[in-house]
Amino acid sequence: MFEATLSIDLGASYTKVAYRPACIPTQVGPMDQEARILMFDNSPLIPSLAIRTRNASQPWVFGRQAALMNPDGGMQVFQNWKADLFRPSNDKDSATAAIIAHRFFEWLRSKLEYMGIDVRQCQTRVAMPTFDTFDENAVLVARCMDLSGLGQPDAHSQSQGTARQHARFVR
Amino acid sequence: MTARNLGLLPIGKKGEAVSFNPLQHEDVDGGLVPGAAAVIEEGGWAVRQEALIRAKVKRAQGGNNV
C-alpha cells in the first residue's frame with residue numbers, strides 16, 4: 001500500500017511530471033500500479049520559460065503557451081529562471097527566480113487540480129540538478145512549493161533518474 | 001481538399017473572431033495574452049488537437065488584452 005505520488009523532474013530546459021495513483025489493496029496477492037507521465041498542453045515537456053505580461057487578469061504565462069507567445073515590449077521574458085534559482089549567490093536575479101518559481105508551482109498546481117489530481121493527498125518528489133549547494137536549493141524549492149500549495153516535497157538530485165522512475169520507485 | 005483528405009482540420013477562417021490561444025494561433029503583431037480577443041488573418045491546420053500550422057491572428061479592433 002502506498003499513497004499517491006507526484007514526481008516532478010525540475011530540469012534545466014524542461015519540467016516533466018509523473019503521477020502514480022494511490023495503491024490500496026483490496027485482496028491478497030501482488031498488485032501493480034504504474035506511473036504515468038502527465039501531459040501539459042498536449043506535451044509531456046513543460047518549457048522552462050516564464051512571461052510576465054503586466055496584464056492584471058493573467059500576470060504570468062508558463063509552459064508551451066509562453067513558448068508560443070509573441071511578447072511585446074511591455075512583457076518580460078524569463079528564459080533562464082531555473083539557473084538563477086539555483087545560483088549560490090543571493091542577488092536580484094535569484095530573488096526574481098524565487099518569485100517565478102512560486103508562480104510556476106501555483107500554475108502547476110492549478111493544472112494538476114484541473115486534471116483531477118488532489119495534490120494535498122499526494123506525496124511529492126522533486127528531481128533537481130546536482131549542485132554543490134543542493135541542500136540549500138532543495139530548501140528553497142521546497143519552500144516555494146509549500147507556499148504554492150504543492151506541499152513539502154522530497155528532493156533528489158537529477159542523477160537519480162527521471163520523473164517516471166522517481167514515481168515508480170518511491171517507497 | 002488534399003489536406004482534408006489527409007485528415008487535417010482547419011483552424012479558423014479569415015475574419016473570424018476568436019479567443020487567442022497560443023497553441024492554435026500565431027500572434028502576428030505581438031502582445032496578445034492567452035484569452036485575448038483576436039481576429040484570424042489566415043487560417044491554420046491541425047491534426048487532432050495539435051496545430052501543424054497555427055492560424056495567424058491580430059488583436060481584435062477595440063478589444064482589450066483579455
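Reader: Which residues touch the most other members of the largest nonpolar core?

Author: Please keep in mind that this is a predicted model. The largest nonpolar core has 49 residues, and A:A50, A:A101 and A:F104 touch the most other members.

Reader: And which element gives the most to this core?

Author: That is helix α3 of chain A, which contributes eight residues.

Reader: Where does α3(A) lie?

Author: Helix α3 of chain A covers residues 92-114 and lies across β5, β6 and β7 of chain A. Its direction is at about 70° to β6(A).

Reader: What does A:F104 touch, leaving out residues up to four places away in sequence?

Author: With those left out, A:F104 touches A:A50 and A:F62.

Reader: What stands opposite A:A50 in β7(A)?

Author: A:F78 stands opposite A:A50. Strand β5 of chain A, residues 50-52, is joined to β7(A) by three bridges, and the two run antiparallel.

Reader: What is the order of the strands in that sheet?

Author: The order is β6-β5-β7 in chain A, an open sheet of three strands with antiparallel pairing. In general, the strands of a sheet pair through backbone hydrogen bonds.

Reader: Why is one side of β6 and of β7 in chain A left without a neighbour in the sheet?

Author: Strands β6 (60-62) and β7 (76-78) of chain A stand at the edges, and each has a single partner strand, so one side of each has no neighbour in the sheet.

Reader: By how much are neighbouring strands turned against each other?

Author: On average, neighbouring strands of this sheet are turned by 20° against each other, with direction ignored.

Reader: Is A:N42 buried or exposed?

Author: A:N42 counts as exposed, because it has 11 C-beta neighbours inside 10 Å.

Reader: And where is A:R54?

Author: A:R54 is in the loop between β5 and β6 of chain A. A:R54 also has a positive phi, of about 65°, and is not a glycine. A:R54 is exposed, because 12 other C-beta atoms lie within 10 Å.

Definitions and conventions: Residues numbered from 1 in each chain as written. Chains lettered and ligands numbered in written order. Predicted model: local features only at pLDDT ≥ 70, side-chain atom pairs only at ≥ 80, totals over all residues. Pairing = 2+ DSSP bridges. Helix = DSSP H or I, 4+ residues; strand = E, 2+ residues; numbered from the N terminus. Axes fitted to C-alpha atoms, helices over the stretch in contact; angles between N-to-C directions. Contact = placed C-beta atoms within 7 Å. Core = buried A, V, L, I, M, F, W, Y, C linked by C-beta atoms within 7 Å. Buried ≥ 20, exposed ≤ 12 C-beta atoms within 10 Å, placed from the backbone.
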